[in-house]
Amino acid sequence: MKETLTAPVKSEEKSSLSVLGDLVKAQALQAEINKMVYKSIAESTEQAKQELKEYTNQSIEEIKKFIPLTDGEANRLKQAITSRAAVTTKSWLKHKFNNPEYGGKEFFSKKYGHIVRAFYSLTKHHFGAIKYTAILHSDFEEALGYANQLNYYSLPQNAKRITESQLVTLNKWEKIHKLPLTKSED
């Protein structure tokens, strides 16, 4: 009877060890499966994040195509245009009369206004905008660069001529300074 008692105990011990070993193997296998699932989820999540980021960036770029200049950008563009117009007015006076001070302040002011309007017109036309503040935010840097390169040679012919109003002001100044009167170009 001893044999019969010991054999089942050994078989039971072996069976418990076998079950325990199988359980450890199953847990190891489950751990590997969990690692693979985690890795797959992490890769999918990273890919989804990247796709979302690309979509968002692309959407933002598309939206920027419809956003006009901010007030600050419009102000900086205005400053660039008016600054270039002042320099160009002096240059125009130098080209026309060989003297950047010719005609006095009132004549300078009228010619300056004429050139400012021409520069605004050129800038609006270049960027396809109905007014300079409607230039797109996405084009701001390019518009600023464009405005900063405007000069005497950028002026259309009609902006280089002396208008009737300018001529009256110029002739007044010339009379006061006892200079020959400038004639109408028409």
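**Close-up views of a predicted model**

**View 1. Helix α2 and the residue that follows.** Just after α2, residue N98 adopts a positive phi of about 60°; helices here are DSSP runs of H or I with at least four residues, strands are runs of E with at least two, and both are numbered from the N terminus. The model is predicted, so local features need pLDDT of at least 70 and side-chain atom pairs count only at pLDDT 80 or more, whereas totals for chains, interfaces and linings use all residues. Residues are numbered from 1 along each chain as its sequence is written, and side-chain values use heavy atoms, with hydrogens and water left out. At 1.5 Å a residue, the 27 residues of α2 should span 39 Å, and the end C-alpha atoms of α2 are 38 Å apart, which agrees; the expected span is 1.5 Å times one less than the number of residues. The buried residues of α2 include E73, L77, W92 and F97, where buried means under 20% relative accessible area, exposed over 50% and partly exposed in between, with a 1.4 Å probe and protein chains only. The buried residues of α2 pack against α3, α4, α5 (157-160) and α6.

**View 2. The largest nonpolar core.** This core has 33 residues, and those with the most contacts inside it are L77, W92, F97 and I135; a nonpolar core is a set of buried Ala, Val, Leu, Ile, Met, Phe, Trp, Tyr and Cys residues joined through side-chain atoms within 4.5 Å. The elements that give two or more residues to the core are α2 (71-97), α3 (104-127), α4 (140-148) and α6 (164-176), and the largest share, eight residues, comes from α2. Leaving aside residues up to four places away in sequence, F97 touches W92, Y102, F107, I162, L170 and T182, a contact being heavy atoms within 4.5 Å.

**View 3. Aromatic pairs.** A search of the whole structure finds nine aromatic pairs, in which rings of Phe, Tyr and Trp (its six-membered ring) have centres within 6.5 Å, with planes under 30 degrees apart counted as stacked, over 60 as edge-to-face and the rest as tilted. Y102 and W173 form an edge-to-face pair, 4.9 Å centre to centre with 65° between the planes. Because Y102 lies in the loop between α2 and α3 while W173 lies in helix α6, the pair ties together parts that are 71 residues apart in sequence. Both Y102 and W173 are buried.
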